[in-house]
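Me: I would like to learn how to read a few features of a model like this one. Could you take me through them one at a time?

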Amino acid sequence: MAKEVLTLDNGTTCSSWNYSGTRLAAGSADGTLSIFDSRDPPSSSSLRLSFKSKVHEGNIVKIVWVPPAYGDAVACISVDGIVSLLEEVVEDSQPLQWKICKCFGSSSDKVLDVQFGISLASLKMVAAYSDGHMKVFELLDPLELKNWQLQAEFQNVIESVSSFGKAVCLSASISFNPQNGGSQESSFLVGFNSNTSELNSAKVWEFDQAHQRWLPVAELAVPEDKGDQVYAVAWAPNIGRTYEIIAVATHKGLAIWHLGLNPDHDGRLPVERVAVLSGHDGMVWQMEWDMSGMTLATTGQDGMVRLWQSNLNGVWHQQAAFEPTS
Amino acid sequence: MPSDTVGNGVLVPFSGEGSDSVAVYPLNHGLSLPISRVAISWSRGNSLRVSLFAEPSATSPDSQASGAKVVEVKLSGEDPEISDSNWRRIAYGSVTPFALLQSRRSSLAALSKSPSPYHVDWWEHVLEYSKDIASLLGGPKLSPGPIIEDPNAIATKCEEPTCLKAAWELLEMFYVDKRSQAWLPERLVDWLADFDSLFTSTHETIHGKLVNFQKELVNIQVIEDDPRYWEVMSSALSVGWLDIVVKMLRLHGSYQLDQLSSRERENGLVEVVAVLISKMPRLRPESAVENLGECFKSKPDFIKAWEKWRSQITKLDCSPFWIQCDNQQTCDGLRNLLQIMLGNTESLCTATCHWIELYVSHFLYIRPFTTGIESMYNLAQKCMQLKPPSSIHKLTGLMIGILGENTEVVLAECSREFGPWMVAHAVELLTAGSEQAEVLLHDEHYNLGGISIVELHRLAYAQVLSSHALTWQIAPIYLTSCMKQGMGLLENLLYRQSVQHNDTLLKNIEICRLYELDHISSKIMKVAGVFHWKHGRKGAGVFWLQQAQDASCLGRIALQLFDAVGKSISDESFKQWEGIIELLGSESKPAGGLEFLHKYRDFKKSLQQVSGGKSTEAARQAVGSLILLMKNPSTPPRFWLPLLYDSLKLLNWKDCSLLTESETNLLLNKLQELSLARLRPHFTEPSLPPEALSSVRLALATNLGRAILDE
């Protein structure tokens, strides 16, 4: 039914494809990072191991590729919340190799998720921490992935005055607006799975150039669901719609949101929840939009891969599901 | 892993209407341990990559057992009836007709300046397009249905027809070809003759009967005594395969020379029936060469001929010759043929197998004067009741949709049964003549993000093309015909092509140039530039970054070069850097002070000469270069201090003062400016020892004193 592409070693815990689907990075429980490359362009099926090395003490739980305009680089997030940024580079007449160029996060200040976005022609890295804080870093030199500057630090709350106890977050999910990749200001989306209800709901953050700060411009939760823990968020590519489409997964199911492009007088973007879908029982692990932004693929605790689409009348439904069998 | 690839991986119809129950497909991975985690990633187009991670085996963590599988699932493939390579042939072949039709539409629209480009003769263009496409779906029609050449060969096997072609021709006949509207039933007769064999896989058909009978033919001694002989003939006659029936009648034993005299009367009857069959009037412009029957273009002539023919049959049916014929089998068989020609419902029903065959027989013998699509739907319903199908064949679903004049059903059937290629190309046929279909299919839907159904299906087809390395290059042709979202998807598609291989990269850039996607090509070139730069191919890196006009990266490279040129002046690698400086400098608009780098290189060279010997002349030359550099506005301020620091030896020249008073003042002024420039944001401190500034200042001050004294 499906074509096998690759077999990975025992203990592999996560994997991630690069922008063109020609390189695969895989992380293991013992902290090993492996890189596999396509041998030749027309066949994506034949991959060979080009790098394998231990980069972390702990289990690698997530790998994120840096946008290709900044080279071949990955961020590996370990289970103890440390992020290592590795880059494939030739330095000082040494052969091409993967090198760690930056590490951050600690067991006391764990990083839960990292995503990259290009904004105003510079690379931004957004990290979500276990205490409910977000940090936005900016790359100073486009050719050096070592030099990051902290641009902003804030919590995922709408009202900055609200106070709450010490937050404990289990997971976080960040998704950049995939369309902006040039000179415009970019925006991103973040939701937490925490014990603090104010932090949880998915919010859209946009950089306010005039005041040089990040502002929440939309909250993707209906009033009665605002405290719900968010498992995953995904911003759909927009190839020409007059609104954005965003998927948010909570324990109540998948919600599909329309996000307007024109802010109202408060600077907020209009939002509308167009569908609530149930499918995965329990946790949703990952949500991915296809390149047209018309089909959403999801995985979750039930072990299934599910595909979702909207029909001609705008009604979202499950189009198909895949069940792993041995 | 046993990867049981089904066909070409057809799994999910892309955009059929959602059914109530969700189809669940198995995803074979072959891992022995239970799955603990699944990761997904979309590749280009419709291919989804799924990583399945097994629970780590606690017993032996280092065991050789594989711990994860990565599989690729291609969604919404095409009709499995056709092989992958054949699909690609069709995909490539349909590009030209499609593009031609689009360009004709836009030029017509430009001419008429009306919102609807549909000209009265528009259908003729669509017909040409339709014929071009149809020719891809199968070779030239060989012989319509079974024929007899060799008297023993009743049905010859010609090129295997495909359902795809049958469906395409059905659409063409009902939606595009306006000339055939007057003789639609006859076209259906022809269509069935071409494609009756397609139903054989699931149903009993007349074609199947003929093929079986032909296999038996060699074993039959006296053909007219075999009931199957008469049965097969009545079946063939019922669907209008006149030539076959006539040829089969001539196989009758009474034609044999040794029997002619004893069976004269019987033979006469057989011949009369054969002649009547061959004289059957048909309402159609021209018959295919080998088809028998007399063709009439005008309806009144046809009606007249038909009535005359019918009266001849009735007369024969009532004639006394039948009593004089000794062979009962022949009599019964021939009279049954007459009943079919007289339109006896019962005989027709017995003679035909599939409801479509019965349907066609109705047009031939019961309702010969039907024209137009009206009442055709009701008749189809009636035939289906008389011969209820055991299962729905994909062509009958389509036919019901067409006869019911329901464009949405037709589209859904095309999509479900034949895949995205069919829908993307068939919409042109559906909209060829119908205002209503035109409105339905070109109306923009907010729920689809403001695109029309036509565009949606083109995008879906382009996604399918994009997911294969051998077809993605033709996706842009379909995407650029999508007014609203095609370019957006094209940008995403181009951006996801790997830049590692130069030929792919050049192809990408060419596509960008063709569709004026400059911002995408500069993005791609930047990715390529950074890729090469980081992978140690500095020249290629600089070249692509220059093509991308990425000033910020080039500026950074210039900085790195500055350091490198400064550090390694005596090294062999200086030559390599020199090459890049040449490359960087070749642009008419130097980026990030590259012009300066040339001068800096010259300065460094002369400095090198000075450091070797003690020649005052060489030192004077170096000072000349330094002054030129400091005077040049293209020299970035951040380089001023390093330049002066490098020149300390010149400033403190033992023998004499090398700088004049005014030159020294110029340098001092630059230092003053530098302290102001430092206050501005974005000023980068050069990496120099902390005492650099004070030592330069001291040297300049000393030099100023000496210069004044000298003068």
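This is a predicted model: local features need pLDDT of at least 70, side-chain atom pairs count only at pLDDT 80 or more; totals for chains, interfaces and linings use all residues.

Me: Where along chain B does B:Gly240 lie?

Reply: B:Gly240 is found in the loop between α7 (227-238) and α8 (242-249) of chain B. Its C-alpha atom and that of B:Ala54 are separated by 63 Å, and the two residues are 186 residues apart along the chain.

Me: Into which domains is chain B divided?

Reply: Domain 1 covers 23-54 + 67-74, domain 2 covers 187-388 and domain 3 covers 550-710. Between the C-alpha centres of domain 1 of chain B and domain 2 of chain B there are 57 Å.

Me: How do I read burial for a whole strand?

Reply: Now take strand β15 (residues 187-194) of chain A. A:Ser187, A:Leu189, A:Gly191 and A:Asn193 point one way from β15(A), while A:Phe188, A:Val190, A:Phe192 and A:Ser194 point the other way, and all are buried. With 8 of the 8 residues buried, β15 of chain A is largely enclosed by the rest of the structure.

Me: Which strands are joined to β15(A) by bridges?

Reply: Strand β14 (residues 169-176) of chain A is joined to β15(A) by 7 bridges, and the two run antiparallel. A:Ser173 has A:Gly191 of β15(A) as its bridge partner. Between β15(A) and β16(A) there are 4 bridges, again antiparallel. Here A:Ser187 stands opposite A:Glu206 in β16(A).

Me: What do β16(A) and β17(A) form?

Reply: They form a hairpin, with 4 residues between the strands. Strand β16 (residues 203-208) of chain A runs antiparallel to β17(A), and 6 bridges join them. A:Lys203 is placed opposite A:Glu219 in β17(A). In strand β17 (residues 213-219) of chain A, 5 of the 7 residues are buried, so this strand is largely enclosed by the rest of the structure.

Me: How do I read the order of strands in an open sheet?

Reply: List the strands by pairing, then look at the ends. One open sheet of 4 strands has the order β1(A)-β4(B)-β3(B)-β2(B), and its pairing is antiparallel. At the edges stand β1 (3-9) of chain A and β2 (35-42) of chain B; each has a single partner strand, so one side of each is left without a neighbour in the sheet. From one strand to the next the twist averages 20 degrees. Strand β3 (residues 47-54) of chain B pairs with strand β4 (residues 66-74) of chain B over 7 bridges, in the antiparallel sense. Within this pair, B:Phe53 stands opposite B:Ala68.

Me: What is the order of strands in the open sheet of chain A that includes β10?

Reply: The order is β10-β11-β12-β13, with antiparallel pairing among these 4 strands. β10 (111-119) and β13 (148-155) of chain A are the edge strands, each pairing on one side only. Neighbouring strands are turned by 20 degrees against each other on average, direction ignored. β10(A) pairs with strand β11 (residues 122-129) of chain A over 8 antiparallel bridges. A:Ile118 stands opposite A:Leu123 in β11(A).

Me: How is empty space inside a model found?

Reply: Rolling a probe the size of a water molecule over the atoms shows where empty space is left. In this structure there are 5 cavities of 30 Å³ or more. The largest cavity holds about 120 Å³ of space.

Me: What lines the largest cavity?

Reply: Its lining has 16 residues, and B:Pro185, B:Glu186, B:Leu283, B:Phe363 and B:Pro368 lie nearest its centre. By class, the lining has 12 nonpolar, 2 polar and 2 charged residues. At least two lining residues each come from α5 (184-195), β5 (281-283), α11 (299-317) and α15 (355-366) of chain B.

Note on methods: Residues are numbered from 1 along each chain as its sequence is written. Chains are lettered from A and ligands numbered from 1 in the order in which they are written. Side-chain values use heavy atoms; hydrogens and water are left out. On a 1 Å grid over the protein atoms alone, a cavity is a set of points where a 1.4 Å probe fits but cannot get out, and a pocket is an open set with protein on both sides within 12 Å along at least five of seven lines; lining residues have an atom within 4 Å of a point. Grid points are joined across faces, edges and corners, and a volume is the space filled by probe spheres set on the points. Ala, Val, Leu, Ile, Met, Phe, Trp, Tyr, Cys and Pro count as nonpolar, Asp, Glu, Lys and Arg as charged, and the others, Gly among them, as polar. Buried means under 20% relative accessible area, exposed over 50%, partly exposed in between (1.4 Å probe, protein chains only). Two strands pair if DSSP finds at least two bridges between them. Axes are lines fitted to C-alpha atoms, for helices over the stretch in contact, and angles run from 0 to 180 degrees between N-to-C directions. Domain bounds come from an automatic or database domain assignment.
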